[in-house]
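Please look at the model below before reading on.

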Amino acid sequence: MILLVCLLLLSSAYNIAFIGNDKSKFQFLQESFQVFSGQSKFNQYLSITEISDATLSELSLIIDSRDSEISLSQSMDLANKNEIPVLILSPGQNSKFLFFLESSYECITSTIANAVDFFKMTEVGVVWSYSQKNKIIVDMLKSVCDRKLLFVSISNFENPKEIEKIFGKMLKAEGIQDFLFIGDNENCNNYSKGLEASYLTRQGNLAIFLNECVYQINTNGAFILSKVGVLYSNTSTEYNFNMIKPYFSVFQENGLSTYQIAHMFEKVINPCSFDIVNIQNNKRVIVGKADNNDFNITNTAIYFGGKNETTRFSRPQIVISANTGFLNPPGYSNVYQNVKYQKGTYFAVEKVNKDRFYFPKYDLILYDKVDCGVSVFDANYSRDCFIKHAPHMGNAYVPTINTITINILKQLQSLKINIPFIGGGGSVSVLSNKTNFPMFTRMTSSSTLFTIAWSKLIDLYGWSNIMIFYTNDSYGLAIYEVMKKESLVEGFNILNKEEERMINPITNTSQLSIYYDRINSAINIGCNIMFLAMSDPSPFFWLEGLYDVGVKRGDFVYIFFSLTGLDGLNATGGNYTKRAELMHGSLFIYNAAWVGEFGEKVKKDYLNKSNDIWARSFFIDAVLSASNTIDFLLNQGKFFENSTEFMNAQRNTRMEGCTGTISFDHYSNDRNLYYFNLYNFYQDNASEWHGDAVLLISPLSPIYYTALQEPIFAQGKIPSDMKENYMNCPFRESKIQDSKTGEGIKIIVSVGLLIIATILTFYVSKKVKYTKIIPLSVVCQASFQDYLALGFTFVESIQLIAIGPSFIVFNRFLSNASEYISLNLSKAVAFRNTTFWIIFYSMLFSTYVWLLILVLTGFRICGFSKTACKRLEQIKVLSIPILSNYLFIPVTVCILSILACDKATGPDLTDTYLNYDCNTRCWRNKHLVYVVLACFLIITYIPMAILYRTLWQEDTNGLNIRANSKFLVLKNIVFVILIVIAKIIKESSPLAYSIVFTIIMLGLLIYIFYLKDPFNYDRANYILIIMYTCVVWNTLICTLSNSIEIISYPWLILQLVGWVIIISVGLFFIKKLPQNMIIVKRGREISDLFKFAFGKGTYRKSTYDATKVAE
């Protein structure tokens, strides 16, 4: 500084003239000049005319601060005429003695044009503040630059906030990516702040500032075209000093003439040269040079977005993001449903870009790399992931459908990451809270509303009882609480135990076993309606658990609350077979998916890409509503990048989407206009799955619901809420199980009784002497007893057919007829409950009475009344053919039926029930009494019936047709064996029973041939063979029917044709027999036969005499 002062003192003085009325500028220039020439004179004049000729001759330099065409002309004349250097403080083209502080307008505009070409700008927003100089530049740019230019003039008095609005509405809304700022004084700073506040300093955009902006701009990535030498200016004063410095520095040399000054000006001043300054890390860096001929960046430049290379887009980009993947944090299984639903997000982005309805000057970009977990929230993993992706997530985020959204929102709030979340799915009620989750809205309604809708539909379907299971998370808990409250309001009952309703979220099958007891408990309740208030994927694993414990299709109607729907069938880690078995006929309430004309149109467009449309509409609307909000803010000159402004606009939006009118409740994060659909999941005959909307629910409309189509239920119709008991039993069919113990006892007792009865029968038979039968050799008059004897054969054959193999599948009428005739209780449905007990009591009582009569008459225990003894003898005689022949098979079948306890409702023996009356529990209480009575009866009745059948024919007068006693004993033992075998295997192994029955009957038939004459009457023998052959033929047909599966008609035809042939052949042979030894007198009525057999002796005698006379 001392040296400088010394130089100034030593130098000779220069005389400088300043023309203009700006005193502050005069003072600045004077002080600046004195830095280089301290002793010089510096005088101010208002105009050139004030300068005298004498003064002109002494001047070394004239500085003209006036900015007009007249002043420029005057200065030019003065300079050329007097050969005095004139410095004009405005842009212009230098000449011999005329110099300009700034480059010429042609230079400036040409350099700008070169910059536009270099950066390949196509549409430039030119922001300028009015001044004469700036207006000239703007006017010249219009002719020089061949690009589309959008000029925005901003008043010097506008503040940054107003500038923001102007930028937003006039530049941003038009999709301008490139900006040129022509400003002076303090305008550049406001431009820079407005640019940043408008979120225009983003990747793909480019901004160029001019000259004086060099000291006002610190926006990273911005470019400045500044005069050489002004880079380090930090204030307006420094900038002006650096601008004037090249001229004033010439005067450091003493004693220069005006010619020398002009020459040195020409030498040190480049009239058209600029530094290309780039803001990097808030510092100014020269990255290249530019002039009117060339624009060249030679050093590394940093652009908006922080990259060192420019990124040019055909249109500016608006970015939204979504988690469209399937990845969960390491160590957790992945979930793939989200990928399917987010296809709607991709489709919507494509639609926005294709239709150009929203922000037509922009491209919508989806950032789909946010793989921070789909269904599992890991705090550390999520934090690191979102911090990594947050800079790229754009202006809105479409989350997954899972409840982890709650935790993510809380975490992002703590990280100060404010990104609007627009849920395409997910209805957990916690997210309705606007205060706790200010950055969230969703296209679907709260699960609370779905639950309320269900509470009203329960009554619609005639249900009043339900069961519910819910997951121990925010989703399940919220639904359950509403369901409990609504049960009190609407009056339906939740039947499963309170402590068994909640389960932990299930993510794999290994977690199911701990809930099997709860599932079985629910099954035992008998309710058909099961609500699964569970977050995904729990309800689908729950179906697998139900399947594992034996639940079948149609056992329950399942009510889902998970948006996953049919996509849950093929979810990773799931069992399709189990889920498909139970999901058929299930129901689900959710927002209506495709509503109105617009919804149907978009649905049609989507179907051109994919047939999988389930839940896609909600994600489409998430993107469309975000686009609508962004478009609105753009047109309003507001900024969608501002999360607060975005959410305010989002909450005030009203638009038509795929799912109806989209608008939001001001007090929550939910929509305030909505429709619901009741969806029905079912599988058609071609095994294709459907998720049809069967009901439209309009909670805000006077018409609450509208039926769209009939739902499909696994039960075939709308089921009742409670299961119906099995055949009026106190339990359901699903509880019935085979009892091996009961079956074993039945077999052991039946076989034991058979053995004892057989032994007793043979023992008794050995003690009785029978008359050997002799074939009839004389003609006899037929008696009523003879008709009874022949009738035994026919009735026994019918009874054998009844206890034989079943042929109801091809001859129901004859099968049921034989069952009723024989009182066979194995198949006839009518012989159950009260009917069974009437028959059982009748058989038990009558048989015991008969046995008592036999005892009383056998031991002559009649008291003192001979009349009573005589009457008992008469009753015995009358009852023997009925109870020992006609009712032998029915009594045996009926009494042994008390042992039929092979079905049960539990694992214990006392859980078995009587097959013919499910209200009677076996092997306890009265059933044990009946068993004891039945066993004793069987042991005594069978031997006594066989014995007295033989004795009857020995003692009955007038009986001509007599049977071989051995045949009678063996035949009845065979019948008992067949009955016992039928009770054991007839129903469980029809084919095996058919074969055994056939073998036994063939053996009996062979035995008949072996005996030759089972009766003493030849025609009776033939009738017996015919009937037994018919029984064998029927058995063969049943055996074939049980082993070959064809239509029933051939078996019916074979059965009937075989019988016709057998009977016809038998009758043919009967006709060929010799003379009939039993004749029937003509004119006798059947009543006469009864009188003959059972009437008074006088009638019998007269009849006998009449017959004798006739002979």
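The paragraphs below take these topics in turn.

This is a predicted model, in which local features need pLDDT of at least 70 and side-chain atom pairs count only at pLDDT 80 or more, while totals for chains, interfaces and linings use all residues. Residues are numbered from 1 along each chain as its sequence is written, and side-chain values use heavy atoms, with hydrogens and water left out. Helices (H or I, at least four residues) and strands (E, at least two) are DSSP runs, numbered from the N terminus.

Axes here are lines fitted to C-alpha atoms, for helices over the stretch in contact, and angles run from 0 to 180 degrees between N-to-C directions. Within this sheet, E1 (residues 15-19) and E3 (residues 61-64) run parallel and are joined by 4 bridges. Ile19 stands opposite Asp64 in E3.

A second open sheet has 8 strands in the order E7-E6-E8-E9-E10-E11-E12-E13, and its pairing is mixed. E7 (148-153) and E13 (295-297) are the edge strands, each pairing on one side only. Neighbouring strands of this sheet are turned by 30° against each other on average, direction ignored. E6 (residues 123-128) runs parallel to E8 (residues 178-182), with 5 bridges joining them. Val126 has Leu180 of E8 as its bridge partner. H5 packs on it, touching E6, E8, E9 (206-210), E10 (223-227), E11 (274-280), E12 (283-290) and E13, and its direction makes about 50° with that of E13. Helix H7 (residues 160-172) also packs on the sheet, where it touches E6, E7 and E8; the direction of H7 makes about 160° with that of E7.

E11 and E12 pair in the antiparallel sense over 7 bridges, and Asn278 stands opposite Val285 in E12. Their hairpin has 2 residues between the strands, and Asn281 there takes a positive phi near 50°. E12 and E13 are likewise antiparallel, over 3 bridges, with Gly288 opposite Ile297 in E13. This hairpin has 4 residues between the strands.

How far apart are the end C-alpha atoms of H5? They are 20 Å apart, which agrees with the 20 Å that the 14 residues of H5 (residues 105-118) should span at 1.5 Å a residue. The expected span is 1.5 Å times one less than the number of residues in the helix. Because 10 of the 14 residues of H5 are buried, the helix is largely enclosed by the rest of the structure. Buried means under 20% relative accessible area, exposed over 50%, and partly exposed in between (1.4 Å probe, protein chains only). Among the buried residues of H5 are Tyr105, Cys107, Ile108, Asn114 and Val116. Lys120 follows H5 and has a positive phi, near 55°.

Some other backbone exceptions lie in loops. Most residues other than glycine have a negative phi, and most peptide bonds are trans. Arg356 is not a glycine, yet has a positive phi of about 60°. Arg356 sits in the loop between helix H12 (343-355) and strand E15 (363-367), and is partly exposed, with a relative accessible area of 22%. Ala615, also not a glycine, has a positive phi of about 70°. Ala615 lies in the loop between helix H20 (596-607) and helix H21 (616-635), and counts as buried at 3% relative accessibility. The peptide bond from Asp536 to Pro537 is cis, with omega near 5°. Pro537 is in the loop between strand E22 (529-533) and helix H18 (538-548).

Key:
Pairing = 2+ DSSP bridges. Contact = heavy atoms within 4.5 Å.
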